Amino acid sequence: MTLPDQEAQWMLARRMRAQRLSHPAKNVTDLLKSVFALQAQDMSAARLAARARGVRSLDGPLVRTWAMRGTLHLLHEDDLWVVNLLGPTFIAAGRRRREQLGLTDELCERALPALREVLTEPLERAEIVNRLAEVGITLDPKSQAPAHLLAFAANSGVLCRGLDDTYRLLRIDCEPRGVDELWRRYRRAYGPATPDDFAGWSGLPKRQLKDLPDVEGEPAEPDGTVRMLGHFDTYLLGYRDRSAALAPEHAPLVQTGGGFLTPHVVVDGRVVAVWRRDGAQIAVHPFGALPDIADEVADLGRFLDLDARLTWV
């Protein structure tokens with residue numbers, strides 16, 4: 001994406017506001033009403049994402065389950081309709097791998113009521129495998145079969161994963177909603193953005209993204225906002241084309257493969273540095289001029305309950 005500099009500045013300012021990075025949320029419910037979901041395969045990273053958006057606690061009506069792109073996200077319980085919307089896409093995409101692992105369609109369908117029977121309390125994966133064996137569903141605990149079966153069950157709306165990494169039954173009470181509603185929520189959380197960005201973020205095939213409605217975003221101006229973002233932060237993950245925020249020559253330092261994002265610093269929406277934590281030391285590698293991040297480092301230290309010390313590398 002190549003835009004005139006001023007146009008890019010205004011676009012990034014709107015994205016920062018939509019992501020609550022320049023307009024902090026009051027609490028986690030307010031945050032998820034705006035950004036829809038937080039990436040959550042790593043809970044420490046999810047907490048850093050909330051901190052950067054003004055939220056210190058993840059206490060609230062949250063559910064951690066597989067959603068966009070078939071990856072773990074934190075959702076408000078009112079938005080669990082997205083599981084039923086996206087689940088069939090990821091179930092179909094995973095069928096071949098399940099069959100390679102001996103997870104036939106027949107076995108998977110038998111496993112769903114079995115999981116409802118054995119998940120009488122939050123359980124770790126190994127205990128679920130043991131209990132399933134007792135009711136006739138035998139899995140090799142050393143293989144990937146348990147993980148893929150549990151992902152199938154999550155995409156079927158049967159179970160979810162707690163913030164403590166245990167599994168528990170899931171109850172979805174939301175009214176069904178369609179792709180148009182997900183597009184509206186996405187545009188409010190990430191706009192300005194394109195249908196191609198939406199396909200990359202959601203994991204939906206482009207054939208399902210027809211005649212998407214117009215969605216207006218809120219205006220915003222560049223205001224010098226500085227934020228230190230962690231692994232897997234949704235700010236960059238929301239776009240297939242990240243070039244407006246992340247210069248191609250710096251992308252290898254941030255996007256290191258497998259969907260992994262190195263912790264990074266954004267100023268007015270542009271990625272200007274990467275950082276890492278080593279104990280109480282916060283080491284920052286700038287791409288150019290040194291960003292003014294003293295306040296952010298101090299806030300990160302308070303959040304992590306440590307005497308954070310900034311060093312440049």
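In what order do the 3 strands of the open sheet stand? They run β1-β3-β2, with antiparallel pairing. The views below come from a predicted model, where local features need pLDDT of at least 70, side-chain atom pairs count only at pLDDT 80 or more, and totals for chains, interfaces and linings use all residues. Residues are numbered from 1 along each chain as its sequence is written, and side-chain values use heavy atoms, with hydrogens and water left out.

**View 1. The whole protein has 13 helices and 12 strands.** Helices (H or I, at least four residues) and strands (E, at least two) are DSSP runs, numbered from the N terminus. The radius of gyration (over C-alpha atoms) is 21 Å, close to the 20 Å from the globule rule (2.2 Å times the number of residues to the power 0.38) for 313 residues, so the protein is as compact as a globular protein of that length. Its C-alpha trace spans about 60 × 50 × 35 Å along the principal axes. Take the contacts (heavy atoms within 4.5 Å) between residues at least 6 apart in sequence: 65% of them join residues at least 24 apart.

**View 2. The β1-β3-β2 sheet is open.** Here, two strands pair if DSSP finds at least two bridges between them. β1 (37-39) and β2 (62-66) are the edges; each has a single partner strand, so one side of each is left without a neighbour in the sheet. Neighbouring strands are turned by 30° against each other on average, direction ignored; axes are lines fitted to C-alpha atoms, for helices over the stretch in contact, and angles run from 0 to 180 degrees between N-to-C directions. Between β1 and β3 (residues 72-76) there are 3 bridges, in the antiparallel sense, and L38 sits opposite L74 in β3. Helix α2 (residues 28-35) packs on this sheet, touching β1, β2 and β3, with its direction at about 90° to that of β1.

**View 3. Helix α4 (residues 81-93) has a kink at G87.** The kink is about 40° and lies shortly before the proline P88; the bend is the angle between axes fitted to the seven residues ending at a residue and the seven starting there. Which residues of α4 are buried? They are W81, V82, V83, L85, L86, G87 and F90. These buried residues pack against β2 and β3, and also against the helices α5 (95-100), α8 (145-155), α9 (179-190) and α10 (195-202).

**View 4. A second open sheet has 5 strands.** Its order is β6-β9-β10-β11-β12, with mixed pairing. β6 and β12 (309-312) are the edge strands, each pairing on one side only. Neighbouring strands in this sheet are turned by 30° against each other on average, direction ignored. Helix α13 (residues 294-304) lies across β6, β10 (270-278), β11 (281-286) and β12, at about 45° to β6.

**View 5. Strand β6 (residues 226-229) is covered on both faces.** V226 and M228 are buried on one side, R227 and L229 on the other. β6 pairs with β9 (residues 264-267) through 4 bridges in the antiparallel sense. V226 stands opposite V267, while L229 has H264 as its bridge partner.

Note on methods: Buried means under 20% relative accessible area, exposed over 50%, partly exposed in between (1.4 Å probe, protein chains only).
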